[in-house]
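I opened my notebook for a first look at a new protein.

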Amino acid sequence: MEKSDSLAYTTIAMNELGYSRREIGSITNKMLEIIENLPEKEAEDKADEILYDTP
């Protein structure tokens, strides 16, 4: 998935979950920072670790 696609889907989901525009902007900025500094495979592994509590 392209960076712009993932940001768009995340923005829509956060809006539907009731996040404020300020919160969405803050999270989007953090996502951009992480995208720039963490390779895709490492991000997938980290997300699995967070969701499934696996080391």
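Here are my entries, in the order I looked things up.

**Entry 1: the overall picture**

I noted at the start that this is a predicted model. I counted the secondary structure and found 3 helices and 0 strands. Reading along the sequence, I wrote down the pattern α-α-α. I then looked up the box that the C-alpha atoms fill, and along the principal axes it is roughly 35 × 25 × 20 Å. Of the 55 residues, 9% count as buried.

**Entry 2: how H1 meets H2**

I reminded myself that two packed helices are described by the angle between their axes and the distance between the axes. So what are these values for H1 and H2? I found that the axes of H1 (residues 3-16) and H2 (residues 21-37) come within 11 Å and cross at roughly 150 degrees. An angle over 145 degrees counts as roughly antiparallel, and H1 and H2 are therefore roughly antiparallel to each other. I also noted that H1 passes H2 in a right-handed crossing.

Next I listed who makes the contact. From H1 I wrote down Lys3, Ser6, Leu7, Thr10, Thr11, Met14 and Asn15. From H2 I wrote down Ile24, Ile27, Thr28, Met31, Leu32, Ile35 and Glu36. Sorting the residues of this contact, I got 7 nonpolar, 5 polar and 2 charged.

I picked Thr28, which lies in helix H2. Is Thr28 buried or exposed? Its relative accessibility is 16%, and buried means under 20%, so Thr28 counts as buried. I left aside its neighbours within four places in sequence and found Thr28 in contact with Leu7, Thr11 and Met14. I had already listed Leu7, Thr11 and Met14 on the H1 side of the contact.

I went on to Met1, which lies in the segment before H1. Met1 has a relative accessible area of 72%, and the cut-off for exposed is over 50%, so Met1 is exposed. Not counting residues up to four places away in sequence, Met1 still touches Ser6 and Tyr9. I also checked Met1 against Ile12, 11 residues apart along the chain, and their C-alpha atoms are separated by 16 Å.

**Entry 3: checking H3**

How many Å should H3 span? H3 (residues 40-52) has 13 residues, and at 1.5 Å a residue it should span 18 Å. I looked up its end C-alpha atoms and they are 18 Å apart, which agrees. Last, I noted that H3 is followed by Asp53, whose phi is positive, near 50 degrees.

Key. Residues are numbered from 1 along each chain as its sequence is written. This is a predicted model: local features need pLDDT of at least 70, side-chain atom pairs count only at pLDDT 80 or more; totals for chains, interfaces and linings use all residues. Side-chain values use heavy atoms; hydrogens and water are left out. Helices (H or I, at least four residues) and strands (E, at least two) are DSSP runs, numbered from the N terminus. The expected span of a helix is 1.5 Å times one less than its number of residues. Axes are lines fitted to C-alpha atoms, for helices over the stretch in contact, and angles run from 0 to 180 degrees between N-to-C directions. Angles under 35 degrees count as roughly parallel, over 145 as roughly antiparallel, 65 to 115 as roughly perpendicular and the rest as oblique. A crossing is left-handed if the near helix is turned anticlockwise from the far one by less than a right angle, and right-handed if clockwise. Contact means heavy atoms within 4.5 Å. Ala, Val, Leu, Ile, Met, Phe, Trp, Tyr, Cys and Pro count as nonpolar, Asp, Glu, Lys and Arg as charged, and the others, Gly among them, as polar. Buried means under 20% relative accessible area, exposed over 50%, partly exposed in between (1.4 Å probe, protein chains only).
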